[in-house]
Amino acid sequence: MKLIEAASYEKMSEKAAELVIEQIKRKANTVLGLATGGTPVGMYKCLTEDYQNKQTSYEQVNTVNLDEYVGLSKEDPNSYAYYMKEHLFKHINIPPGQTFFPSKEQGEQYEELIASLGGIDLQILGIGENGHIGFNEPGTSFHSKTGIVKLTDSTRMANARYFASIKEVPTHAVSMGIATIMQSKKIILLVSGKQKANILHRLFTEDVKEALPASILKTHPNVLVIADQDALSVLKEQEGSVFQ
Ligand code: PGA
């Protein structure tokens with residue numbers, strides 16, 4: 001894993017967007033793995049601005065999202081399909097038929113779909129405060145494939161801010177598996193904010209183990225972590241020497 005220290009959330013977002021654009025310019029029919037949540041919002045804003053100013057074309061791009069809640073329709077403002085439409089897809093020229101989300105019905109067939117597109121060229125990831133990637137919670141097998149997962153209370157609580165109440169947060173989601181994520185050719189992990197400082201410290205200092213899903217990324221040959229100063233705060237305080 002390589003680490004890029006970003007001076008701010010905006011710089012982290014700009015850097016990530018720059019790398020996505022470079023990837024699309026290098027390979028017009030790139031398969032992008034996309035993440036939702038608070039962290040990548042700034043990156044999607046930068047991609048939107050780039051499209052408005054420079055018309056980087058997404059005509060041949062396919063996107064596969066990491067996860068989706070079970071029980072919310074695509075039109076529900078809390079669904080990840082809706083999130084992607086609002087934050088990115090409606091602003092760029094990607095054909096709607098080239099944007100994919102895992103679903104309960106499709107299950108493991110999502111793996112075949114990704115394979116038929118040629119595999120994920122670049123996967124964008126966030127990390128949960130408990131170390132999850134996608135919705136693969138601590139304890140998930142590193143061999144897991146796409147399927148239905150039960151959300152932990154801490155994840156439901158972290159995501160409750162988007163819902164009217166915690167009761168409305170779905171209890172289950174469909175998530176790309178850890179093995180699926182690991183098959184991506186390149187991965188960018190975005191980490192922002194003080195609430196992620198402890199997990200980022202754990203990621204860099206603890207062993208690879210299923211209790212810490214993101215730790216598997218240390219065994220992938222091409223992972224770039226881009227973290228802002230708030231996220232880096234504990235790591236720098238405790239392990240200052242790592243960065244000297
Ligand atoms: P966040 O979610 O970007 O909203 O913090 C990240 C995650 O849970 O993977």
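Which residues have the most contacts inside the largest nonpolar core? In this predicted model, where local features need pLDDT of at least 70, side-chain atom pairs count only at pLDDT 80 or more and totals for chains, interfaces and linings use all residues, they are M43, L47, L200, L217 and I226, within a core of 73 residues. Such a core joins buried Ala, Val, Leu, Ile, Met, Phe, Trp, Tyr and Cys residues through side-chain atoms within 4.5 Å, buried being under 20% relative accessible area with a 1.4 Å probe and protein chains only. Helix α1 gives the most to this core, with seven residues. Residues are numbered from 1 along each chain as its sequence is written, and side-chain values use heavy atoms, with hydrogens and water left out.

Turning to the sheet, seven strands form an open arrangement in the order β1-β10-β9-β6-β2-β3-β5, with parallel pairing; strands (E, at least two residues) and helices (H or I, at least four) are DSSP runs numbered from the N terminus, and a pair needs at least two DSSP bridges. Because β1 (2-6) and β5 (99-100) are edge strands, each with a single partner, one side of each has no neighbour in the sheet. Strand β2 (residues 31-34) runs parallel to β6 (residues 122-125) and is joined to it by two bridges; L32 has L122 as its bridge partner in β6.

A polar side-chain atom of T39 lies 2.4 Å from a ligand oxygen atom, and for K196 the corresponding distance is 2.6 Å.

Methods
Buried < 20%, exposed > 50% of the residue type's maximum accessible area, 1.4 Å probe, protein only. Polar contact = N/O pair within 3.5 Å; in protein donor to acceptor, adjacent residues only side chain to side chain.
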